[in-house]
Amino acid sequence: MKSISILGAGSWGTAIATVAAERGLEVFLWSRNSNHLEEIENLKENKRYLPGVSIPNTIKLTDDLKTASKSDILACVIPSTGIRHFAEDISSIGLRKDSVILSCTKGIERSTGLRMTEIIEDNLPNNIAAVLSGPNHAEEVGKKLATAAVIGCKNTKIAKEIQSIFSLPWFRTYTSDDVAGIELGGAVKNIYAICAGISDGLGLGDNAKSALVTRGLAEMIRLGTALGGKSETFQGLSGVGDLIVTCYSAYSRNNKVGRLIGEGKSINEIMSSMNMVAEGVPNTISFYESTKKHQVNTPIIDQAYEMIENGKRPDKALQDLLSRDLRPETDY
């Protein structure tokens, strides 16, 4: 594999492009917004979404999806709500059968409950789909700070090829064949990050947040295994690793959303003030609907849904969580 197209020029897409460029690949960074690309070209920096990180001259910018679709790897780094439409667009172009589609998006589809690679496979059945996930803030990757991630693919050979690309002295990757577990952990942890932010906004302290993260992990494993993931995957980088970094980091958009909810702001007010997507908001609704369909007990997700979708007060949600029927800790 000698070329990669990063489809999506947000913060994470830009960071991934810099990693691939350092490995010596031919790198394309695609966006529909030609004005944004022109700005990146002139500044050699993605000032809108990843300020302070230099864009190497070797990265080729394009708004032509047909040109971008010719690479060996197509890394999809767009919001989860747009993945199906985007996969349909790529399919209509006529993709090479040996091109690998690498999902770097965290979420599930609301109407179907499908994961990102499942949507990709629906529209591109002749292409191998893989996933890249883990505790990876774009801001730190862009600064070349030590980072680890996991590559998920059912094809071991392809997984190892992608692993070799995303392996640098400061960026280490592992492989796994549990694509479902990787995607589910990476998506659902954003809901718990929102709740962790709400805890901060309410001023609840370290005890409350620690309890939330721990019980969130138990809930993640319960839900994730019910939806097809392996329990051990949720104890790895894409599960507990991503959960920790997102719940505690100032870089986390989902954590910021939660903190503002805890401080009393409405979800509409918060979302209209942000210039980047907080995947936990649409995925709270998607996962809530999925938990009801599969009859999985997820009290934290239930309360997150009530706050985001129905405007429930955070203090009332906290009270309802803490006053539930008593049970053993390990009763999954």
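Modeller: Start with the second largest pocket: H8, helix H9 (206-226), helix H14 (299-310) and helix H15 (314-322) each put at least two residues into its lining. This is a predicted model, where local features need pLDDT of at least 70 and side-chain atom pairs count only at pLDDT 80 or more, while totals for chains, interfaces and linings use all residues. Numbering runs from 1 along each chain as its sequence is written, and side-chain values use heavy atoms, with hydrogens and water left out.

Colleague: Which helix gives the most to that lining?

Modeller: H9, with six residues.

Colleague: What makes a residue count as lining?

Modeller: Lining residues have an atom within 4 Å of a pocket point; the points sit on a 1 Å grid over the protein atoms alone, and a pocket is an open set of them with protein on both sides within 12 Å along at least five of seven lines. The second largest pocket holds about 630 Å³. Its lining has 25 residues, and Leu212, Arg215, Leu321, Leu322 and Arg324 are the closest to its centre.

Colleague: How many residues of each class are in that lining?

Modeller: There are 17 nonpolar, one polar and seven charged. Asp, Glu, Lys and Arg count as charged, Ala, Val, Leu, Ile, Met, Phe, Trp, Tyr, Cys and Pro as nonpolar, and the others, Gly among them, as polar.

Colleague: Why is the contact between Lys316 and Asp320 called a salt bridge?

Modeller: The rule asks for a side-chain nitrogen of Lys or Arg within 4 Å of a carboxyl oxygen of Asp or Glu. In Lys316 and Asp320 the closest N and O atoms are 2.9 Å apart, so the pair qualifies. Both lie in helix H15, four residues apart, about one turn of the helix.

Colleague: What does the pair Arg110 and Glu289 tie together?

Modeller: Their closest N and O atoms are 3.0 Å apart, again a salt bridge. Arg110 is in the loop between strand S7 (100-103) and helix H5 (116-123), and Glu289 is in helix H13 (residues 280-294), so the pair ties together parts 179 residues apart in sequence.

Colleague: Arg115 and Glu118 also meet in a salt bridge, at 3.2 Å from N to O. Why is Arg115 called buried?

Modeller: Buried means under 20% relative accessible area, exposed over 50%, and partly exposed in between (1.4 Å probe, protein chains only). Arg115 has 10% relative accessibility, so it counts as buried. Glu118, at 25%, counts as partly exposed.

Note on methods. On a 1 Å grid over the protein atoms alone, a cavity is a set of points where a 1.4 Å probe fits but cannot get out, and a pocket is an open set with protein on both sides within 12 Å along at least five of seven lines; lining residues have an atom within 4 Å of a point. Grid points are joined across faces, edges and corners, and a volume is the space filled by probe spheres set on the points.
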